[in-house]
Amino acid sequence: MKNIVRAEWQRLWNQKITWFSLILIPFILIFAAKLHQNRNEHLAPNHPNYTYANNFPIFSMYEQMTIVLNIVVLLIVVLHVAYEYHSGQMRFILQRTITFPRLIFAKWLTISLFLALFLFVYFICSIIIGFIYFEYSPQLTLLHRTEPAEFTEVLIYSLSYYGLAFVTLVTMASVMMTLCLISKSTTGAIGLTVGFVLFSFIYPNIILLFFNHPFAGVFVYSSLVVVQFEGISLMLTGELEAKILLLTVILIYLVMSNFISNLLARKREHYI
């Protein structure tokens, strides 16, 4: 398995989108920093949404998670899984003593490792750019909190936020891999993955529009995109019930998507 993962890791870096997504990180953060600078002009320095150097890594991740990072995941998964699968490139790999389920697992592991690297680079760059564009504040208010936090607490919160962001992105990648295996073509894979993200954006708003009931929140937070956008901060600061609900949603998506992918891989192993 170690050799398979190493080979898949090399194949991943042979794709231009892998390098492009990493190179794009500083530009994404500079654009985000300029937006936050403009927003700061309309906020008081003690406002919870006022951006400082030490909360910029959180704010930049909070606002880019649901769009930019999901697009990165989509492109990586589609090109590394769907394109190779539907173009027949996997047949050459499977001519060696590798089963299709093991290959799919190796691709999932490779994508997960890349996402960990991506977030690490994103975090380091956000710290650097944060100190270039913003002032440092010894105390600031974190998302969904009322009491000011000091350096150590902000650092722990930031690392926890990125850790949970990694889990949600791996979960999103798992769902997209399942959709790629279900699809009949690379175009179909793109349509299904984009459709899933758009549907996850839309249906929570429809629920809130027609149902004004506390229980509606359970269905709203069943959306993986909503979990990414609002759920991470709630898991770090909310009540125990909210944390259990959100973690359950993530686990359901993660376990079910990988279970289905494994079944599809075993079923189609003889047809590759």
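In which handedness of crossing does helix 7 pass helix 10? The first legend below takes up this question, and every view comes from a predicted model.

**View 1. Helix 7 meets helix 10.** Helix 7 passes helix 10 in a right-handed crossing. On the helix 7 side, the contact is made by Tyr 157, Ser 160, Tyr 161, Leu 164, Ala 165, Thr 168, Leu 169, Thr 171 and Met 172. From helix 10, the residues taking part include Leu 224, Val 225, Val 227, Gln 228 and Ile 232. Helix 7 covers residues 151-182 and helix 10 covers residues 224-237, and their axes come within 10 Å. The axes cross at roughly 150 degrees. Angles over 145 degrees count as roughly antiparallel, so helix 7 and helix 10 are roughly antiparallel to each other.

**View 2. A look into the largest nonpolar core.** This core has 86 residues. The residues with the most contacts inside it are Met 61, Val 77, Phe 114, Phe 118, Tyr 122 and Tyr 161. You have already met Tyr 161, as part of the contact in View 1. Now find Phe 114: not counting residues up to four places away in sequence, Phe 114 touches Trp 9, Leu 12, Trp 13, Thr 18, Ser 21, Leu 22, Val 72 and Ile 76.

View 3. Phe 56 belongs to helix 4, which spans residues 56-87. Is Phe 56 buried or exposed? Its relative accessible area is 0%, and buried means under 20%, so Phe 56 is buried. Setting aside residues up to four places away in sequence, Phe 56 touches Leu 29, Ala 32, Ala 33, His 36, Thr 51, Ser 126, Ile 129, Gly 130 and Phe 134. Pro 204 is 148 residues from Phe 56 along the chain, and the C-alpha atoms of these two residues are separated by 28 Å.

**View 4. Ser 174 on helix 7.** Let us return to helix 7, where Ser 174 lies. Ser 174 has a relative accessible area of 1% and is buried. Which residues is Ser 174 in contact with, leaving aside its neighbours within four places in sequence? They are Trp 108, Leu 254, Ser 257, Asn 258 and Ser 261.

View 5. Cys 125 has a relative accessible area of 18%. Because buried means under 20%, Cys 125 counts as buried. Cys 180 is buried too, at 0% relative accessibility. How many disulfides are there, taking a disulfide as a pair of cysteine sulfur atoms within 2.5 Å? The count comes to zero.

Terms used
Residues are numbered from 1 along each chain as its sequence is written. This is a predicted model: local features need pLDDT of at least 70, side-chain atom pairs count only at pLDDT 80 or more; totals for chains, interfaces and linings use all residues. Side-chain values use heavy atoms; hydrogens and water are left out. A nonpolar core is a set of buried Ala, Val, Leu, Ile, Met, Phe, Trp, Tyr and Cys residues joined through side-chain atoms within 4.5 Å. Buried means under 20% relative accessible area, exposed over 50%, partly exposed in between (1.4 Å probe, protein chains only). Contact means heavy atoms within 4.5 Å. A disulfide is a pair of cysteine sulfur atoms within 2.5 Å. Axes are lines fitted to C-alpha atoms, for helices over the stretch in contact, and angles run from 0 to 180 degrees between N-to-C directions. Helices (H or I, at least four residues) and strands (E, at least two) are DSSP runs, numbered from the N terminus. Angles under 35 degrees count as roughly parallel, over 145 as roughly antiparallel, 65 to 115 as roughly perpendicular and the rest as oblique. A crossing is left-handed if the near helix is turned anticlockwise from the far one by less than a right angle, and right-handed if clockwise.
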